[in-house]
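Biologist: Hi, could you bring up the model and walk me through it? I have a few questions ready.

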Amino acid sequence: MISFQQVGKTYPDGTVAVAATDLTADSGRITVLVGPSGSGKTTLLRMVNRMIDPTSGSILIDGVDVKSKPAPELRRGIGYVIQNAGLFPHRTVLANIMTVPRLLGWSKERAREKSMELLLTVGLEAEHAQRYPYQLSGGQQQRVGVARALVADPPVLLMDEPFSAVDPVVRKDLQTELLRLQSELEKTILFVTHDIDEAILLGDKVAVLNTGGVLEQFDSPSELLAKPKNEFVEGFLGVDRGVRRLSFFSSGAVPLRPEPVVAIDTPAQEVLARRSAQPWLLVVDTERKPVGWLLADHVPADGDLGKVAAGDLVSYGHTFTVEAESLRAALDSAVLSPSSRAVGVDAHGAVVGVASVEELVPAIRAAQDGSSPESSR
Amino acid sequence: MNVLSDAWGWLTTASNWHGSDGIPTRFLEHFEYSVEAVLIGALIAFPLGLLTGHTKRGGLVVTSLANIARALPTLGLVVLLVVVIGVKFRAVMIPLVALTVPPILLNTYEGVRNVDPRLTDAAQGMGLRPWQVLWRAEVPAAMPLILTGFQFAAVNAVANTAIAAYSSFGGLGRYIIDGLATTDYGMVAGGAILIVVAAILNLVFFAVLRRVLISPGLQSRERASA
Amino acid sequence: MNLFPHIPSYLGTYGSLIQQQLTMALSSVLFGLIVAVPLALLCVRYPRIYPPVVATLTVIYSLPSIALFVLLVPSTGLTQTTVIIPLAFYSLAALVPNIVDGVRGIPEDVRLAAVAMGYTGARRLVSVDLPLAVPPIMAGLRVATVGNISMVSVGTVIGVGAFGALFTAAAQLNRSDLAVTGIICIVALALICDLLLVITQRLLTPWNQRRSR
């Protein structure tokens with residue numbers, strides 16, 4: 001647990017970088033500091049490993065004041081990841097990862113062994129070990145940066161805009177990877193970003209900071225989206241916070257109807273009966289995997305689905321996995337479908353049922369009214 | 001033997017300030033050789049530097065040439081040319097020019113080549129013709145480095161004009177050579193001090209030139225480079 | 001014309017001349033380097049002293065060797081020391097700005113990472129700052145080495161010029177072959193040393209993606 005107690009930073013010229021701030025980053029959780037530039041988020045982060053000293057207040061890690069140890073010693077026990085990774089260009093990937101263990105006085109063998117292990121943990125290959133940083137892509141370099149920060153198994157990890165400099169596709173990968181790692185390692189992570197989407201995706205709790213280092217709100221992402229405390233937070237969250245908040249609610253509550261679903265081998269009688277009751281039929285194969293939407297008018301007169309012209313089948317867009325995926329995914333599935341209907345599938349991809357936009361509304365309503373989400377990510 | 005008093009005695013002897021081997025004459029000779037060496041060097045090297053820098057081609061040739069020139073012993077070249085063609089103006093000027101070309105060429109090339117591509121893109125985008133891009137965008141932006149090249153050329157010229165006196169005529173180096181030949185250490189030291197003065201005046205001149213020629217927008221970024 | 005004519009015996013042998021030339025040139029580079037590294041690090045540490053240091057070095061660099069040699073003779077005599085001292089100063093002038101630029105040029109994120117991982121001052125200097133400054137330091141060493149090997153020959157004016165003695169002899173005996181030989185030997189020595197430095201740099205910096213020019 002990292003606790004900031006009345007921590008402030010005022011520069012000699014009078015500039016306030018951080019106003020007296022109280023904040024607690026829970027153990028084993030990701031706490032995100034988010035805000036525009038000049039909001040003191042990086043300053044707060046760097047005060048934890050004493051790269052910057054606060055002018056007031058104190059910072060405790062698990063109850064121990066960070067000032068009670070010499071700074072270098074303190075830093076060796078705290079992982080630190082920054083934008084562009086900051087790898088040492090003159091050292092191989094493996095030597096980079098071995099840095100802190102060697103500083104801590106581990107034997108070469110032990111440092112090497114543990115570093116190789118971490119290299120694989122962060123999703124790189126053994127063959128990357130002897131490369132130099134310039135031979136890696138930006139995303140790979142960042143993975144090495146994470147491995148280097150984690151190798152000595154520090155309980156606390158500081159991450160300063162670590163994924164800001166890579167392209168969106170790679171960023172997405174790295175974010176997913178971080179969540180995966182965190183579910184195994186359960187570090188106390190303090191994560192700085194200016195990207196609110198990243199904050200909401202990664203944070204167990206998010207601290208929104210304003211210019212001049214003022215903490216405006218400190219809440220869980222869902223709470224933040226539901227009840228922004230003031231205009232600044234609301235503005236920072238952006239216009240579609242209502243829709244985004246749906247990602248914190250399970251799609252389990254969506255009422256899925258199986259009636260519009262017809263298998264390719266459904267008897268003709270049955271097909272004809274369904275046609276009269278439904279404007280759209282979802283055709284599935286014998287394993288109940290979706291094939292496409294069919295307008296009721298295009299169902300062959302004899303009810304034989306084998307005769308449907310390929311051109312009459314309309315793409316079903318994308319499906320959502322019931323329970324595992326969020327209400328937001330369900331809504332998205334409906335909005336993107338030409339039939340305005342969401343297709344819910346089970347873990348194996350077999351269709352459970354469909355729901356129209358209108359049928360989703362009560363579930364959405366319930367989520368917005370409910371004070372807390374039924375399930376977390 | 002006290003260097004300074006000997007030199008002072010020689011420098012303050014009135015007769016040393018008159019005539020064809022007097023200090024003003026030698027000083028002017030030194031100045032003249034140096035300036036000519038830089039100007040001839042510039043005539044050759046500056047256009048070549050602009051061309052190679054603008055086209056970003058020939059870098060290897062330029063840098064190798066500069067390296068070889070740094071290795072050339074002036075004294076040897078002067079002696080060789082004097083032995084081969086006799087005591088002529090060319091015998092001094094060829095080695096001197098050989099040493100003023102490389103710094104101008106190298107720095108002009110590096111300066112123009114390393115101009116921020118966004119700047120040249122913008123200049124092209126505004127419809128400037130290639131030579132206008134060169135003259136209005138690349139050269140002003142490269143001016144700090146170009147001037148450094150000229151400064152090194154001038155430093156070389158002043159220093160090597162002194163050395164060239166070893167085997168030919170004129171310039172302040174004569175006092176050192178003649179003084180050594182006649183074991184007049186006052187003349188040797190006095191000449192050496194005059195050469196030091198000439199070298200410092202040269203630097204002062206370039207410091208002023210920088211103020212005048214480099215756009216104030218670039219002054220803060222200016223850094224000396226060899 | 002014989003490229004390597006018999007040289008008058010009073011001048012020594014090719015071997016002894018090579019040895020003299022390299023002794024004077026390389027020891028002056030070495031002395032320059034020994035002083036340049038701490039001086040440059042001071043300039044990095046206290047940026048305020050850098051401009052006056054650079055200005056002083058620029059002035060020193062512009063002082064002609066021939067003048068410095070003869071001005072030193074009363075103090076250090078007609079010895080190799082007299083040649084080595086000014087050349088060491090020239091090396092210093094070539095090296096200090098390169099080292100300063102090199103250390104200052106270390107990317108901010110690398111510097112930050114080093115501090116955040118708990119490097120202390122001296123250890124960081126040895127394991128991070130100096131290794132990263134190797135390419136610019138080597139560039140400075142190349143300039144200083146090549147220049148010094150060539151400039152040693154001016155020492156013949158005070159009687160210690162190694163291959164420069166061939167130029168004196170060429171002028172006195174009116175023998176162009178001696179001058180040509182002297183020039184070739186000096187240029188060859190300089191370029192061989194330069195090549196060795198380039199190879200050394202490649203070996204020292206396998207991590208450097210920009211190939212040295």
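Biologist: Before we go on, how should I read the model and its numbering?

Modeller: The model is predicted, with local features needing pLDDT of at least 70 and side-chain atom pairs counting only at pLDDT 80 or more, while totals for chains, interfaces and linings use all residues. Chains are lettered from A and ligands numbered from 1 in the order in which they are written, and residues along each chain are numbered from 1 as its sequence is written.

Biologist: Which residues does C:Phe69 touch beyond those up to four places away in sequence?

Modeller: Touching means being in contact: C-beta atoms, placed from the backbone, lie within 7 Å. Leaving out those sequence neighbours, the partners of C:Phe69 are C:Thr82, C:Val83, C:Pro86, C:Val154, C:Gly155, C:Val157 and C:Ile158.

Biologist: Which helix of chain C gives the most to the side that touches chain B?

Modeller: The contact draws on 39 residues of chain C and 37 residues of chain B. Helices are DSSP runs of H or I with at least four residues, numbered from the N terminus. Among the elements giving two or more residues on the chain C side are helix 4 (80-104) and helix 9 (176-204). The top contributor, with 10 residues, is helix 9 of chain C.

Biologist: In chain A, which strands are at the edges of the 4-stranded sheet?

Modeller: Strands are DSSP runs of E with at least two residues, and two of them pair if DSSP finds at least two bridges between them. This open sheet has antiparallel pairing in the order 2-1-4-5. Pairing on one side only are the edge strands, strand 2 (16-25) and strand 5 (64-65) of chain A.

Biologist: And what is the bridge partner of A:Phe4 in strand 2?

Modeller: Strand 1 (residues 2-10) of chain A runs antiparallel to strand 2 of chain A, with 6 bridges joining them. Across to strand 2, A:Phe4 has as its bridge partner A:Leu23.

Biologist: How many residues of chain A are buried, as a percentage?

Modeller: Chain A has 14 helices and 16 strands. Of its 377 residues, the buried ones make up 43%.

Terms used. A residue is buried if 20 or more other C-beta atoms lie within 10 Å of its own, exposed if 12 or fewer, and partly exposed in between; C-beta atoms are placed from the backbone. Two residues are in contact if their C-beta atoms, placed from the backbone, lie within 7 Å.
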